Amino acid sequence: MRGSSPSLNLYGAILLPVALGFSTSAPVLATTFDLPPAGTTVVGQILRVRPGEENTLLDIARHYDLGYHEITWANPGVDPWVPDAHKPIVIPTQFILPPPPWQGIVVNIPQRRLYYFFTESGTARVITLPVSIAREGWSTPLGETTVIAKYKDPAWFVPKSIRDEQIREGEIDFPTYFPPGPDNPMGMLAIRIGFDGIFIHGTNRPWGVGMRTSHGCLHLYPEDALTLFPLMKPGIPVRVINNPFIVGVDAGRLLVTHYPAVAEYPSPSDPFTRAITTLEPYLVAGIAPGDTGIMEPFDIDWDRLQTVVDNNVVVPTAVNLGTPAPDQLLQQVEVRPYTQQPYGLDANNAVPPVRADANRMSNQGPDN
């Protein structure tokens, strides 16, 4: 904290140490894993649930610490507001870790996901959280920086460029100033990083997490901001990457996912060529990326790889020859009843909701 004096950043955020009645001292357990052993770059597991009569896909996504597009891309054709209560919903809570180094914060823009690598009691761990990314025309810079500072209860003087945009979009009464509190678009906890005007922060519109909603910042569910905030200190490395195609190794399987590319981050090659380039280290014997151990070259099912790339398959899918078809594996996942109550309108602000399911996921796997 910079002390009790207000400070004004590029985006007009006045950062004040104002107490609003919730603690930031004890992080809530979110999607947290011990780092996998050598030879593995994948954590978590795929789940399936039946949604019940009242829950939306957004309720289910938030419970399992997923963003909007993560759950809708994993369930194409499912109505996000009125899912079939009897049709299983895929919960894509298996994650291929980003390319090393596994240090500090790594944000993969197309995946709309943040990873925080840290050591706790001598054990290397990773927290992974969904984020909202920038709207078109407000791209977050790629590259490396660090955490600069963190602030509780920021106020926000809205920059003219942002207010003009909101007025053009029909919000003619958009305020010029948001005081600290549950209606502040910056949320109630903010982490400043070294890119000009860029914060990782909560939001007063948590149902937009996972979408393109920001002006360059990275938005978290309020409860995820509460998880990350106490762990932050100046100097923690931050790396922002643009990897639509992600590859990992787990139990002798070569797993891949492909996320829709974000147009503002152009690629010199088409998606399939980029996928092949990323896979090249795995096609010859040698040291696996990230020094995960000696491995034999993989024989690729090229048709399956093409399907993953063409259809933006975000559920980790094995593409080495001889592995079962993805649908076959998915059918083997037990379908659990989803018994949580909907979050409700009172959870649509910047305050972390008070729910029995706050400790959503750990190495033991998520509950229902």
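Where pLDDT is low, the predicted coordinates should not be read in detail. This is a predicted model, in which local features need pLDDT of at least 70 and side-chain atom pairs count only at pLDDT 80 or more, while totals for chains, interfaces and linings use all residues. Residues are numbered from 1 along each chain as its sequence is written, and side-chain values use heavy atoms, with hydrogens and water left out.

Next, select Ile105, Leu114, Tyr116, Ile200 and Leu228, which touch the most other members of the largest nonpolar core, a set of 29 residues. Such a core consists of buried (under 20% relative accessible area, 1.4 Å probe, protein chains only) Ala, Val, Leu, Ile, Met, Phe, Trp, Tyr and Cys residues joined through side-chain atoms within 4.5 Å. Among the elements giving two or more residues to this core are strand 8 (113-120) and helix 4 (222-228); helices (H or I, at least four residues) and strands (E, at least two) are DSSP runs numbered from the N terminus. Centre on Tyr116: beyond its neighbours within four places in sequence, its contacts include Arg125, Leu228 and Met232.

Val256 has Thr317 of strand 23 as its bridge partner.

Conventions: Buried means under 20% relative accessible area, exposed over 50%, partly exposed in between (1.4 Å probe, protein chains only). Contact means heavy atoms within 4.5 Å. Two strands pair if DSSP finds at least two bridges between them.
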